[in-house]
Amino acid sequence: MSTDPTATPSGQQSSAAPVDPTTKFQVEIPMQSQPAPGLASELVPPADHGEASYAGHGRLTGRRALITGGDSGIGRAVAIAFAREGADVAIGYLPSEQSDADEVAELVRGAGRTCVLLPGDVGDEPTARGIVRDAVAGLGGIDVLVLNAARQTFVEKLEDLSSDQWAETMNVNVNAPFWMMQEALPHLQPGASVIFTSSVQAYTPSAGLVDYATSRAAVNTMSKSLAQQLAPRGIRVNSVAPGPFWTALQVSGGKKAEELPYHGQKNPLGRPGQPVEMAGAYVYLASEESSYTTGNTLSVTGGAPTP
């Protein structure tokens with residue numbers, strides 16, 4: 001696997017000829033399952049996080065970014081892209097995801113950037129706040145905060161959705177971004193960028209994801225409110241709303257195993273997205289190219305409509 005930050009892209013970056021988005025990254029997904037939270041290294045087929053395809057252009061040179069859920073899925077793709085764009089990176093992740101986090105650290109350091117590893121459950125308030133403080137210490141500050149960690153568990157019937165699961169989902173998906181945003185704020189200077197990960201579920205919720213969809217709608221609204229509050233301080237706040245992407249979240253309880261082979265096929269593009277296809281959205285929102293963009297939700301859904 002190449003860790004060359006100037007590696008020739010094979011699908012994510014521009015090429016001599018345009019690529020049909022309906023056939024790009026086509027995959028066949030067999031039924032499978034993993035215990036939560038799941039590992040990217042055990043996905044079949046492997047997800048493309050940009051390990052060998054993302055080429056940077058110096059758009060984040062000198063930036064310092066904290067990315068929660070940075071070991072796998074979209075967070076992993078963002079960490080790789082940020083490093084290859086010139087940023088130093090700290091990633092938060094669960095201790096059980098250490099092997100995935102080590103792979104990300106190798107890729108970030110292979111791009112010549114610093115990677116600070118911060119294991120811990122952000123659903124616990126002292127841990128969430130401690131991760132921010134440790135990121136500031138390890139990176140010397142924070143310029144970009146990516147609040148991406150999430151918990152998603154499919155439950156078909158409302159009567160089977162336990163109060164414990166509801167509370168755990170809200171702690172990780174809603175409370176943790178609040179705690180971490182509050183802890184980071186004293187360290188965010190004018191020009192800083194905060195990026196929340198929301199979801200298409202905030203707009204078109206699935207029947208079996210009541211708690212997850214509710215949490216993503218809350219995050220979407222939180223980001224827009226904070227954008228109004230923090231704009232006078234020169235701090236931009238935006239969200240990204242992914243559609244169906246191929247990540248460990250799907251195989252560790254986020255989706256019925258029997259539905260995995262059809263993941264994303266109902267979307268207009270007829271396939272799931274690969275995490276590398278999300279990276280550019282976060283790079284844009286972190287970079288000076290989006291200096292007039294705040295309070296926005298950038299939807300990357302494979303054609304699923306959002307407001």
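**Cavity, patch and salt bridges**

Modeller: Arg113 has a relative accessibility of 26%, so it counts as partly exposed. Keep in mind that this is a predicted model.

Colleague: Which residue meets the side chain of Arg113 in a salt bridge?

Modeller: Arg113 sits in the loop between α2 and β3 (115-119), and its partner is in strand β2 (residues 88-93), 25 residues apart. The N to O distance is 3.2 Å. The partner is Asp88.

Colleague: Is Asp88 buried or exposed?

Modeller: The cut-off for buried is under 20% relative accessible area. Asp88 has 17% relative accessibility. Asp88 therefore counts as buried.

Colleague: How many salt bridges does the count come to?

Modeller: The rule asks for a side-chain nitrogen of Lys or Arg within 4 Å of a carboxyl oxygen of Asp or Glu. The pair of Asp88 and Arg113 meets at 3.2 Å. By this rule the count comes to 13.

Colleague: How many residues apart in sequence are the parts that Glu103 and Arg76 tie together?

Modeller: Their side chains meet in a salt bridge, at 2.7 Å from N to O. Glu103 lies in helix α2 (residues 98-110) and Arg76 in helix α1 (residues 73-84), so the pair ties together parts whose separation in sequence is 27 residues.

Colleague: Which residue forms a salt bridge with Glu156?

Modeller: Glu156 counts as exposed because its relative accessibility is 56%. The closest N and O atoms of the pair are 3.4 Å apart. The pair links distant parts of the chain, 100 residues apart: Glu156 is in the loop between β4 (144-147) and α4, and its partner in the loop between α6 (248-254) and α7 (276-286). That partner is Lys256.

Colleague: What separates the C-alpha atoms of Leu139 and Thr114?

Modeller: Leu139 lies in helix α3 (residues 125-139). Leu139 is buried, with a relative accessible area of 12%. Thr114 is 25 residues away along the chain. The C-alpha atoms are separated by 7.8 Å.

Colleague: What is the volume of the largest cavity?

Modeller: A search of the whole structure finds 1 cavity of 30 Å³ or more. The volume of the largest cavity is about 30 Å³.

Colleague: Which helix gives the most to the lining of the largest cavity?

Modeller: The lining is made by Thr68, Val122, Leu147, Ala149, Val172, Ala176, Pro177 and Met180. Its residues divide into 7 nonpolar, 1 polar and no charged. With 4 residues, the top contributor is helix α4 (residues 163-184).

Colleague: Which residues make the nonpolar surface patch?

Modeller: The patch covers about 280 Å². Membership needs over 30% relative accessible area. Val210, in helix α5 (residues 210-230), counts as partly exposed because its relative accessibility is 34%. The patch is made by Leu158, Trp166 and Val210.

Key
Residues numbered from 1 in each chain as written. Predicted model: local features only at pLDDT ≥ 70, side-chain atom pairs only at ≥ 80, totals over all residues. Heavy atoms only, no water. 1 Å grid on protein atoms, 1.4 Å probe; cavity = no way out; pocket = protein on both sides within 12 Å on 5 of 7 lines; lining within 4 Å. Points joined across faces, edges and corners; volume = space filled by probe spheres on them. Helix = DSSP H or I, 4+ residues; strand = E, 2+ residues; numbered from the N terminus. Nonpolar A, V, L, I, M, F, W, Y, C, P; charged D, E, K, R; others polar. Patch = residues over 30% accessible without salt bridge, like charges linked within 9 Å, V, L, I, M, F, W, Y side chains within 5 Å. Areas by Shrake-Rupley, 256 points an atom, 1.4 Å probe, with all protein chains shown as cover. Buried < 20%, exposed > 50% of the residue type's maximum accessible area, 1.4 Å probe, protein only.
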